[in-house]
Amino acid sequence: AVASWVLNRRCVEAAVMTGLALNCTINKKSLFDRKHYFYADLPAGYQITQQRVPIAVNGSLSYSLCKDNKMSQMVTKTVRIKQIQLEQDSGKSLHDDARSQTLIDLNRAGVGLMEVVMEPDMCCGEEAAAAVRELQLILQTLGSSQAIMAEGQLRVDANISVHHPGEPYGVRTEVKNINSIRFLAKAVDYEIHRQIKELENGGTVLNETRAFDSKLGCTVPMRDKEGKQDYRFMPEPNLPPLILYDAKSLPANVNHQQVVNIDWIHERLPDLPSVKRAKLVELYGILPEHSFTLMNEDGLMDFFEDVVKQTQMKPKKVIGWILNDLLSHLKQHSLTAKESPISSFFLADLLNLLENGDISSSAAKQVFEELWKGEGKTPLEIVKEKQLELIQDQEELEQICQAVIDEREKEVMAIKGGNQKVINKLIGLVRKATRGRANPLLVKQILEKKLSE
Amino acid sequence: CQRCLALIRSTQFLNAYITVAEDSALKQAEESEKRYRRGQPLGELDGIPIAVKDNFNTAGIETTCASNMLKGYISPYNATVVQKLLDRGAVLLGKTNLDEFAMGSGSTDGVFGPVRNPWSYSRQYKEKFVPRSDSEPENSNWVITGGSSGGSAAAVSAFTCFAALGSDTGGSTRNPAAHCGVVGLKPTYGLISRHGLIPLVNSMDVPGILTRCVDDAAVVLGSLAGHDPKDSTTVQDIFQPFALPSLTDVSKLSIGIPKEYHVPGLSSEILAVWSKAADLFKNAGAKVVEVSLPHTHYSIVCYHVLCTAEVASNMARFDGLEYGHRSDMNKSTESMYAATRREGFNDVVRGRILSGNYFLLKQNYEDYFVKAQKVRRLIANDFVKVFGSGIDILLTPTTLSDAVPYMEFIKEDNRTRSTQDDILTQAANMAGLPAVNVPTALSRRGLPIGLQFIGRSFQEKQLLTVAKWFEKQVQFPVIQLEEVKKHDSSVLQHQKSASFS
C-alpha cells in the first residue's frame with residue numbers, strides 16, 4: 001500500500017543524452033510533479049511526471065524527405081522540440097469487449113519513460129513519419145531506446161489541426177493507438193482530410209482523443225476520455241529536485257557515481273545519424289540520398305560496409321547492387337538485411353568476379369538470382385555450373401563477331417552508311433550467341449574494327 | 001515477552017492494540033533468549049518487546065490504518081524502521097490503534113473504536129476524580145489518549161511494551177505522549193526512513209518514538225536513524241548513534257520561550273507548569289529568554305491546506321482494485337471506485353480528500369497551495385532566525401490541557417479538535433525540526449502534563465541531553481495501575497530505567 005519512488009539513474013542519463021542529441025537546453029535543475037486521475041491502469045491514482053520544469057527544453061530535430069518521391073531531390077526540414085520530460089509508465093489495459101471487462105497488466109507500471117514533445121511544425125503524414133523515423137534512428141544510436149513501435153518501445157501520439165493560411169491554428173485532436181511509422185503517416189493524413197471535410201461541411205472539429213483503426217485506415221473517437229480533466233498537479237514530495245552538473249558546477253570531492261555530469265555525457269555521445277550519413281558520403285563517395293536509404297533500412301549499412309571491405313569493387317559501384325538488386329529483393333520478400341539469403345561474403349565474391357572481368361554484368365545478375373535461392377553454392381560454383389564465364393579467347397570472339405556480320409548484311413550496310421546506333425543490335429546478337437558470355441565493350445571494339453575494314 | 005502479552009490481555013479494555021502477534025512474538029523472544037545464552041545478543045534492543053502503530057507495513061501481520069479500506073490487508077514487506085528493529089532482535093508484540101489513517105488528535109476515530117488512556121484507570125486519577133453527577137456510570141469517565149498515535153502511547157504507558165513506534169505529522173506522537181505521560185520524540189524530517197510508513201503528508205510525516213524515559217528514546221533512535229536508499233527524502237549523511245551524557249551544568253544553555261505559544265486556549269495549569277519549568281532552568285543557571293516566532297498563528301491554516309492536498313493525493317491509490325476493500329458495486333469502474341471509497345473511508349478522511357482536491361484545482365492552486373508553501377517557508381524561517389540568534393532549545397507546552405474525557409471530546413468534530421490540539425506541535429512539522437515531549441507533572445485531576453522541547457535540525461543529541469536533564473529534575477511519577485501491579489510488582493521497581501536491562 002506504499003510506494004516511495006526512487007529515481008533511476010539510467011533514465012536520467014538517457015534523457016540527457018537524448019536532449020543533447022536534439023540540441024536541447026538541459027535544465028540543471030528539474031522538478032517532479034504528480035498528475036492525478038483515476039484509471040484502472042494507474043495504481044497510485046497519480047502519475048509522476050515533470051510538468052513544471054522538465055529535464056530538457058527548446059531543441060530541434062532535422063530530418064529529410066524526398067520531394068515528389070524522387071530520391072535525388074532530398075529536402076531537409078526541421079521540427080522544434082518543445083521539451084523532454086521524465087515520467088512513469090502506467091500499466092496496460094486490455095479491453096475485452098466480449099465479456100465487458102478490462103484486464104489490467106501492471107508489470108510496466110512505474111517504469112521510467114521519456115516523453116519527447118514536438119511543436120506543430122509538420123504539415124503532413126510524410127513529414128511526421130520522416131521526423132519520427134529520424135528520432136527513432138537517433139534513439140537507437142544513443143542506446144536510449146530500441147524504439148521499436150510495434151513493441152511499444154516507442155509510442156507516438158499525433159496532434160493534428162487544420163487552418164487556412166494566415167489564420168490561427170485550429171482545434172486539435174489527439175490520435176493514439178498508432179503502431180508503426182507507416183500507420184503514423186496514414187493516420188495523420190486521414191485526420192487532416194477528415195477535419196477539412198468536416199469544416200467544409202459547416203461542422204466543427206472537437207478537441208477530443210481519437211484512436212487510429214489500422215484495419216479501416218481511419219480515426220475513431222475514443223470512448224474513455226470524456227471532457228477536460230483537471231489533473232490537480234502537485235509537486236512530488238518524495239523526490240527532491242533533480243540536480244545535474246557540468247564540468248564547471250561539479251562540486252569537488254564528489255563521488256562520480258552519485259552525480260550526473262552533462263559534459264561527461266556530451267563527450268561520450270556517439271555519432272548521430274546525420275553525422276554518420278555525412279561520413280558515409282565522404283568515406284565511400286556515395287550520394288546523400290544513398291546514405292539515407294542505407295541508414296533507414298535496418299542492417300543495410302552494416303551489410304554494405306561488410307561487402308565493401310571484402311571486394312575490390314569501388315563503393316560507388318557496390319552501392320548500386322545494394323540499393324537496387326539486394327534491397328528490392330529484400331523488400332519483395334519482407335526481409336531485413338540481416339535476414340538476407342545472400343551473405344555479404346558471397347555478394348563480395350560475386351562483385352569481385354565482375355570487377356575482375358570474369359563475367360559480364362548481365363551474367364552477374366543471373367548469378368545473383370541463383371544466390372538468392374540460398375542453396376549454399378558459391379558464386380564461382382554457379383558461374384561454372386551455368387557456364388557464364390566471359391569468353392577470354394580473342395579469336396573465339398572474333399569468329400563469333402564475324403559470323404554475325406556475315407549474317408546481317410542489312411545492318412552492316414546501315415552502319416557503313418553512317419547509322420552508328422545499329423551497331424548495338426549487332427552487339428546484342430553477339431551477346432545472344434554467346435549466351436551473355438561476351439564482354440560487350442570488347443565485342444563493340446571487334447565489330448567496329450571489322451566494319452571499318 | 002510473556003508478561004507483556006499477559007498484560008496486553010488484561011488491559012484489553014484500553015483498546016490500544018488492533019492486532020496482537022502472539023505466536024510470532026513468542027518465537028522472536030525464544031530466538032532472542034537463545035542468543036543471550038550463547039552470549040551473542042544483537043545489541044541493546046535484543047529481546048525488547050515493542051509495539052508498532054498500525055500505519056507501518058509489517059510483513060505477514062495485518063496493517064489496517066484503523067480503516068475499513070485496509071481491513072485484512074497483509075503487506076508483503078516490512079517498513080524500513082520495523083525491519084531495523086527486528087534485525088536488532090526486538091520482539092514485535094503487535095500493531096497499535098490510531099485515528100483512521102492517522103487523521104485526528106484523539107485516537108477516537110478509527111474503525112476499531114477509541115483508545116482509552118491508561119491513566120483513566122490509575123490510582124492517581126481515580127483519587128482525584130470528582131463525578132459531575134451521581135448518575136454518571138463509572139465506566140464513562142475514561143479520558144482520551146490524544147492522537148493519532150494513541151494506541152502506541154497507551155501501550156507504552158501501561159507497561160505492555162518498552163517502546164513503540166508512532167508517526168508524527170502535526171503532533172501525532174507528542175500529543176498522546178503528553179496525555180499518557182510518556183516520552184514522545186519527533187525526529188528531524190529526513191533522519192529516519194519513511195519507507196513503509198503509509199503516508200499522510202509526505203513532506204511532514206516522520207516515524208515517532210514513544211518510550212518511558214529519554215535514554216530509551218535515544219537507544220531506539222540510534223537503531224533507526226540513517227540514510228535509506230529506498231527513501232529519497234532521507235539525508236545522505238552518516239548517522240552516529242549516541243549515548244546521552246548526564247548533564248550537570250546547564251549554565252551554557254540558552255532556552256527560548258516563544259511568546260506566541262501562550263495561546264488563548266492554554267489552560268492555566270499548563271501555563272503554570274511551563275513557567276515553573278522555565279524557572280527551573282533559570283535557577284540552574286541557564287539563560288532563559290523570551291523569543292518570538294511571529295508566524296505561529298498562521299501555521300494551522302497553512303497546515304490544513306498542505307495536509308489536505310497531500311492527503312487527497314496519497315489516498316488516490318485506494319481504489320479497491322489491487323488490494324484492500326473492494327465494493328460489490330460493479331456497474332462500472334467509476335461506480336466501483338466511488339462505492340469502495342465511500343465504504344472504505346470514514347468522514348474525516350473523506351472530508352480531507354475533498355478539501356485537498358479543492359485546493360489543488362487549477363484555478364485554486366496558486367491561491368491556496370502555493371501560498372501555503374510560501375507561508376510554510378516563513379514559519380520555518382522564524383525558527384532559523386531564533387536558533388541563529390544563539391538559542392539552543394525552545395521550551396513550550398505540548399498540549400492545551402490535560403486529557404479530556406471521551407464524552408466531552410466527541411462533542412466537537414474531528415476537524416475542530418485537530419485545529420485546536422495541533423497548534424502547539426504543528427509548527428515543528430512545518431519546519432522539519434526535532435521535538436520531544438517530556439512528562440513533567442500531574443494535573444489537578446491526576447493526569448499527566450508534558451512539556452515540549454524543540455531543537456535544531458539534526459541536533460537530536462543536544463535536544464535529548466537537555467530533555468534527559470529536565471526529566472531527572474522533575475521526577476515524573478510512575479503510573480499506578482491495578483493491572484500492572486497484579487501481574488508483576490517487580491515491573492514497578494524498574495521505573496526509571498524501565499528498560500533494556
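User: How many residues of chain A and of chain B are in contact with each other?
Analyst: The model is a predicted one. Contact here means heavy atoms within 4.5 Å. By that rule the two sides are 27 residues of chain A and 37 residues of chain B.

User: What share of the area buried between chain A and chain B do carbon and sulfur atoms give?
Analyst: The buried area between the two chains comes to about 2,400 Å². Of this area, the part given by carbon and sulfur atoms is 53%.

User: Which elements of chain A give two or more residues to the side that touches chain B, and how does that side divide by residue type?
Analyst: The elements that give two or more residues are β3 (33-36) and β14 (234-235) of chain A. By type, the residues on this side of chain A are 19 nonpolar, five polar and three charged.

User: How many salt bridges and how many polar contacts does the interface of chain A and chain B have?
Analyst: For salt bridges across this interface, the rule finds zero. Polar contacts are present between chain A and chain B, counted where both residues have pLDDT 80 or more. The count of residue pairs in polar contact is 11.

User: How many disulfides are found over all chains, and how far is C24(A) from the nearest cysteine sulfur?
Analyst: The search of the whole structure finds zero disulfides. A disulfide needs two cysteine sulfur atoms within 2.5 Å. C24(A) is in none, and the nearest cysteine sulfur, that of C11(A), is at 17 Å.

User: Is C161(B) buried or exposed, and which cysteine has the sulfur nearest to it?
Analyst: C161(B) has 0% relative accessibility, so it counts as buried. C161(B) is in no disulfide, and the nearest cysteine sulfur, 7.0 Å away, is that of C4(B).

User: Where is D228(B), and which residues does it touch beyond four places in sequence?
Analyst: D228(B) sits in the loop between α7 (214-224) and β7 (254-258) of chain B. Its relative accessible area is 6%, so D228(B) is buried. Beyond four places in sequence, D228(B) touches T80(B), S193(B), H195(B) and T234(B).

User: How many salt bridges are there over all chains?
Analyst: Side chains of opposite charge can pair when their charged atoms come close. A pair counts as a salt bridge if a side-chain nitrogen of Lys or Arg is within 4 Å of a carboxyl oxygen of Asp or Glu. Over all chains, the count by this rule is 40.

User: Why are E13(A) and R10(A) about one helical turn apart, and how far apart are their closest N and O atoms?
Analyst: Both residues belong to helix α1 (residues 9-21) of chain A and are three residues apart, so about one helical turn separates them. E13(A) is buried at 19%, whereas R10(A) is partly exposed at 42%. The two form a salt bridge in which the closest N and O atoms are apart by 3.7 Å.

User: Which helices does the salt bridge of E370(A) and K386(A) tie together?
Analyst: The side chains of E370(A) and K386(A) meet at 3.6 Å, N to O. E370(A) counts as buried at 12%, and K386(A) as partly exposed at 34%. The pair ties together parts 16 residues apart in sequence, so the helices are α10 (residues 361-372) and α11 (residues 379-386) of chain A.

User: Where is E398(A), and which residues is it in contact with beyond four places in sequence?
Analyst: E398(A) is in helix α12 (residues 394-407) of chain A. Its relative accessible area is 25%, so E398(A) is partly exposed. Leaving aside neighbours within four places, the contacts of E398(A) are I446(A) and K450(A).

Technical notes: Residues numbered from 1 in each chain as written. Chains lettered and ligands numbered in written order. Predicted model: local features only at pLDDT ≥ 70, side-chain atom pairs only at ≥ 80, totals over all residues. Heavy atoms only, no water. Buried area = accessible area lost by both parts, 1.4 Å probe. Polar contact = N/O pair within 3.5 Å; in protein donor to acceptor, adjacent residues only side chain to side chain. Nonpolar A, V, L, I, M, F, W, Y, C, P; charged D, E, K, R; others polar. Buried < 20%, exposed > 50% of the residue type's maximum accessible area, 1.4 Å probe, protein only.
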